[in-house]
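Open your viewer and get ready to select residues by number. We will go stop by stop, and at each one you will see what is there.

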Amino acid sequence: MRISLTPRTSEFFTLFGKAGENALQVSRLVERRFREHPNSGITQEQVKKEETEGDAITRELITLLNTQYVTPFDRDDIYMLATEIDDIVDYLEEASDLLGLYGVEMPTRHAVEQCSVIVRACEQLAHACHNLKGMRGVQEALVELKLLEDEGDRILRDALASLFRDGGIDPLIVIRWKDIYESLERGLDACDTAATVIANIIVKNA
């Protein structure tokens, strides 16, 4: 690829805004799919379509990174933030897919709570991504996101404990829900990691 010497830094901010919005859109679709399952108006195909759009945004970001001599902040941070946001979407799409793959009849309360927390976390992340250039309100969004990650950890612990507390539960059900809970948790963890990358960007550019 040819490296461009003409700065296109504004494009990075535009693409990160789109990436954050895509992650938020996917989180909302997945939350509704879980909440309304098995009669949801949201299909796995809709979730997958948004995930594919997120992949395209990630590719645009990495291509831009690889062809620009001048970047708005550290190149490694740009790459990490792009891939972590992509991971959020991938994990949420995976959790949504498992609903159909595992033939889940009804969602659990814990899964719906996890999804709700993830939506709120993605709202904060989307705000931070949209405001990377001026950093307005970004610090506050990151603090709130960290609190949500802690709340998600608590829900996951309660969810796993409830699975193993009932000695009469079908082991296959335990395996299925453990996989789903952990996929959702990985999505929330990726939100937290993305927030850490943004926090590092703030420190480096203070």
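**Before you start**

This is a predicted model, in which local features need pLDDT of at least 70, side-chain atom pairs count only at pLDDT 80 or more, and totals for chains, interfaces and linings use all residues. Residues are numbered from 1 along each chain as its sequence is written, and side-chain values use heavy atoms, with hydrogens and water left out.

Helices (H or I, at least four residues) and strands (E, at least two) are DSSP runs, numbered from the N terminus.

**Stop 1: H1 and its end**

Select residues 9–36, which form helix H1. Now pick out glutamate 31 in this helix. Is glutamate 31 buried or exposed? It is buried, with a relative accessible area of 14%. Buried means under 20% relative accessible area, exposed means over 50%, and partly exposed is in between (1.4 Å probe, protein chains only). Show what glutamate 31 touches: Cys115, Ser116 and Val119, leaving aside its neighbours within four places in sequence. Contact means heavy atoms within 4.5 Å.

Step on to proline 38, in the loop between H1 and H2. The peptide bond from histidine 37 to proline 38 is cis, with omega near 10 degrees. Most peptide bonds are trans.

**Stop 2: H2 against H3**

Select 44–67 for helix H2 and 75–101 for helix H3. Two packed helices are described by the angle between their axes and the distance between the axes. Axes are lines fitted to C-alpha atoms, for helices over the stretch in contact, and angles run from 0 to 180 degrees between N-to-C directions. H2 and H3 pack at about 170 degrees, and their axes are 10 Å apart. That makes H2 roughly antiparallel to H3. The cut-offs are under 35 degrees for roughly parallel, over 145 for roughly antiparallel, 65 to 115 for roughly perpendicular, and oblique for the rest.

Colour the contact by residue class. It has eight nonpolar, six polar and eight charged residues. Ala, Val, Leu, Ile, Met, Phe, Trp, Tyr, Cys and Pro count as nonpolar, Asp, Glu, Lys and Arg as charged, and the others, Gly among them, as polar. On the H2 side, look for residues including Val47, Leu61 and Leu65. On the H3 side, those in the contact include Ile78, Tyr79 and Val89.

Find aspartate 74 in the loop between H2 and H3. Aspartate 74 is partly exposed, at 34% relative accessible area.

**Stop 3: H4 against H5**

Select 109–130 (helix H4) and 138–165 (helix H5). Their axes are 9 Å apart and the angle is about 165 degrees. H4 is therefore roughly antiparallel to H5. The contact holds twelve nonpolar, six polar and five charged residues. H4 passes H5 in a left-handed crossing. A crossing is left-handed if the near helix is turned anticlockwise from the far one by less than a right angle, and right-handed if clockwise.

Zoom in on alanine 121 in H4. It counts as buried, at 0% relative accessibility. Setting aside neighbours within four places in sequence, alanine 121 is in contact with Leu145, Leu148, Leu188 and Cys191.

Now move to methionine 135, in the loop between H4 and H5. Most residues other than glycine have a negative phi.

**Stop 4: H5 against H6**

The axes of H5 and H6 come within 10 Å and cross at roughly 160 degrees. The two helices are therefore roughly antiparallel. Their crossing is left-handed. The contact has 18 nonpolar, two polar and seven charged residues.

**Last stop: the core**

A nonpolar core is a set of buried Ala, Val, Leu, Ile, Met, Phe, Trp, Tyr and Cys residues joined through side-chain atoms within 4.5 Å. The largest one has 63 residues. Select Phe16, Phe34, Leu81, Leu125, Trp177, Leu184 and Ile198, which touch the most other members. Which helix gives the most? H6 does, with 14 residues.

Finish on phenylalanine 16. Beyond its neighbours within four places in sequence, its contacts include Leu61, Phe73, Leu81 and Cys129.
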